[in-house]
Amino acid sequence: MIIGEKLDLHNNPKRLLPNVYLHQAFNASRELLGNDGFVAVMKRADTILPGMGRYLDEENWPPADTELLVPARHYSAFFQAIEEVGGGRAQMVTIGIRTAQMGFEGLGPAMKATLSVLKRLPGFRWRAETVLKAMADDLMDVFPGDREKQAIRVETDDERRLFLFIDRTGDSCHGRNGAHSPICHVYRGAIIGAVKLATGKIPNVRESACMAAGDDACVFEVGFDAEETDET
Ligand SMILES: [Zn+2]
């Protein structure tokens, strides 16, 4: 697999994210952790990155728009705090799945166009590929310059029967280094959620490389076959 050269985004303090990223992450987390859980996470976040405590008050949340105003480190510090107060991987994946659902409520243009054709595609693999490409497309449109750099892209590995969702922005683990294994569980959940919404099935997704662990990209492997159906 060719990842491409490492981009100077993951540790760049000037990297900003759209308001809606934080807004949805807060919303999904509070919904799933409850208010007390959310408060505990935010207090922890304030010890990781002083100033985060301001988000305890919903009035200070970034609005659900796509203006680039949130330092990427706020986003990753929030997820780090969930981990540190004991949020397990499963819980973080669930938060990601929920943010994907919320994302679909305010769809980007590629996603919107895609969902209308999905029903005509035969089978899980093609639908999954289409939605992953649309997701990468919409994500890259948010950040000026990301498309030129091909910062996020989808590749196919026919031999291993999987798609590779390759993200060289490292936004979801922004500024975090020295991890021993991949840590972007919420992001993994968002990918699971997007594929599930497009296909009705839960895909197998594994993060095989992570910028927090020193890799050149966060790489998510999405299997051609679904794990189980949604009906169960
Ligand atoms: Zn990662």
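A residue is buried if 20 or more other C-beta atoms lie within 10 Å of its own, exposed if 12 or fewer, and partly exposed in between, with C-beta atoms placed from the backbone. The model is predicted: local features need pLDDT of at least 70, side-chain atom pairs count only at pLDDT 80 or more, and totals for chains, interfaces and linings use all residues. Residues are numbered from 1 along each chain as its sequence is written.

Start with helix 1, residues 19-48. Helices (H or I, at least four residues) and strands (E, at least two) are DSSP runs, numbered from the N terminus. Buried residues of helix 1 include Val 20, Tyr 21, Leu 22, Val 41 and Met 42. Helix 1 has 30 residues, yet its end C-alpha atoms are only 20 Å apart. A straight helix would reach 44 Å at 1.5 Å a residue, the expected span being 1.5 Å times one less than the number of residues. At Gly 34, helix 1 bends by about 120°. That bend is the angle between axes fitted to the seven residues ending there and the seven starting there.

Now turn to strand 4, residues 162-167. Six of its six residues are buried, so strand 4 is largely enclosed by the rest of the structure. Leu 162, Leu 164 and Ile 166 cover one side; Phe 163, Phe 165 and Asp 167 lie on the other. Strand 3 (residues 152-157) pairs with strand 4 in the antiparallel sense over six bridges; pairing requires at least two DSSP bridges. Ile 152 stands opposite Asp 167. Four residues separate the strands in this hairpin, where Arg 161 takes a positive phi near 55°.
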